[in-house]
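Follow the charged side chains first, then turn to a helix pair. Keep the model open alongside the text.

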Amino acid sequence: MNKFRDKLVIQNICIAFYCFLLTVVSMLGALGIFTPVGNARWGDFWNGMLTGASFGVIGVMLAFLVRNILALRREERLKKLYIRENDERTRAIWTDARRTAYQVMVLAQLLAGLIAGYFSITVCITLVASSTVSSFVGLGFVLYYSLKY
C-alpha cells in the first residue's frame with residue numbers, strides 16, 4: 001500500500017504541475033501573446049477554444065487531485081481506490097472498449113474521407129492520411145507487443 005501511496009503523491013505533483021502549465025498557456029493565449037496563424041476571427045476562435053478546453057481539462061484534473069488527496073488522508077478510501085484501479089475486470093473492459101473504438105474510428109475516418117472527397121481535396125487527404133497513420137501505429141504496437149510477450 002505504501003507503493004500505491006507514493007504513486008498517488010507523484011501523480012498529485014504531476015497534476016498540479018500540468019494544471020499550472022495549462023493555466024499559463026491558456027492565459028498567454030487569452031492575452032494575445034500566443035496568436036495562431038490566420039485572420040483575427042480565427043485567432044479569437046482558437047484562443048477561446050484553447051481557454052475553454054484548458055479549463056475543462058483543469059477541472060477534470062482537479063477532481064482527480066481532490067480524489068487522491070482524500071484517499072491519502074483515509075486508509076479506507078485508499079484501499080477502495082487501490083482496488084478500483086487494479087481491478088482486472090475493469091481493465092479488461094477498458095481494453096476491449098479502446099480496441100473497438102480504435103477500429104471504429106479508423107473506419108469512420110476512411111468513410112469520412114471518401115465523403116469529403118466530393119467537397120474538399122484537402123480534408124479528404126487529411127482524413128485518409130490520418131487513418132493510414134493510425135493503422136500503421138496500431139500495427140507497430142501489435143508487432144511490439146508480439147515481440148514483448
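K7 is partly exposed, at a relative accessible area of 42%. Here buried means under 20% relative accessible area, exposed means over 50%, and partly exposed lies in between (1.4 Å probe, protein chains only). The model is predicted: local features need pLDDT of at least 70, side-chain atom pairs count only at pLDDT 80 or more, and totals for chains, interfaces and linings use all residues. Residues are numbered from 1 along each chain as its sequence is written, and side-chain values use heavy atoms, with hydrogens and water left out.

What does K7 pair with? Its side chain meets that of E85 in a salt bridge (3.4 Å, N to O). The term requires a side-chain nitrogen of Lys or Arg within 4 Å of a carboxyl oxygen of Asp or Glu. This pair links distant parts of the chain: K7 sits in helix α1 (residues 2-30), E85 in helix α3 (residues 75-85), 78 residues apart. Helices (H or I, at least four residues) are DSSP runs, numbered from the N terminus. E85 has 23% relative accessibility, so it counts as partly exposed.

E85 has another partner. The side chain of R67 also meets E85 in a salt bridge (3.4 Å, N to O). Again distant parts of the chain are linked: R67 belongs to helix α2 (residues 40-73), E85 to helix α3, 18 residues apart. R67 is partly exposed, at 22% relative accessible area.

D96 and R99 meet through their side chains (2.7 Å, N to O). Both are in helix α4; because they are 3 residues apart, about one helical turn separates them. D96 is partly exposed at 38%, and R99 is partly exposed at 46%. The count by this rule comes to 4 salt bridges.

Now the helix pair. Helix α4 (residues 88-116) packs with helix α5 (residues 121-148) at about 155°, their axes 7 Å apart. Axes are lines fitted to C-alpha atoms over the stretch in contact, and angles run from 0 to 180 degrees between N-to-C directions. So α4 is roughly antiparallel to α5, a label for angles over 145 degrees.

Which residues meet? Among them are Y102, V106 and L110 in α4, and V123, L127 and V128 in α5; contact means heavy atoms within 4.5 Å. The contact residues divide into 9 nonpolar, 7 polar and no charged. Nonpolar covers Ala, Val, Leu, Ile, Met, Phe, Trp, Tyr, Cys and Pro; charged covers Asp, Glu, Lys and Arg; the others, Gly among them, are polar.

Methods:
Helix = DSSP H or I, 4+ residues; strand = E, 2+ residues; numbered from the N terminus. Parallel < 35°, antiparallel > 145°, perpendicular 65-115°, else oblique.
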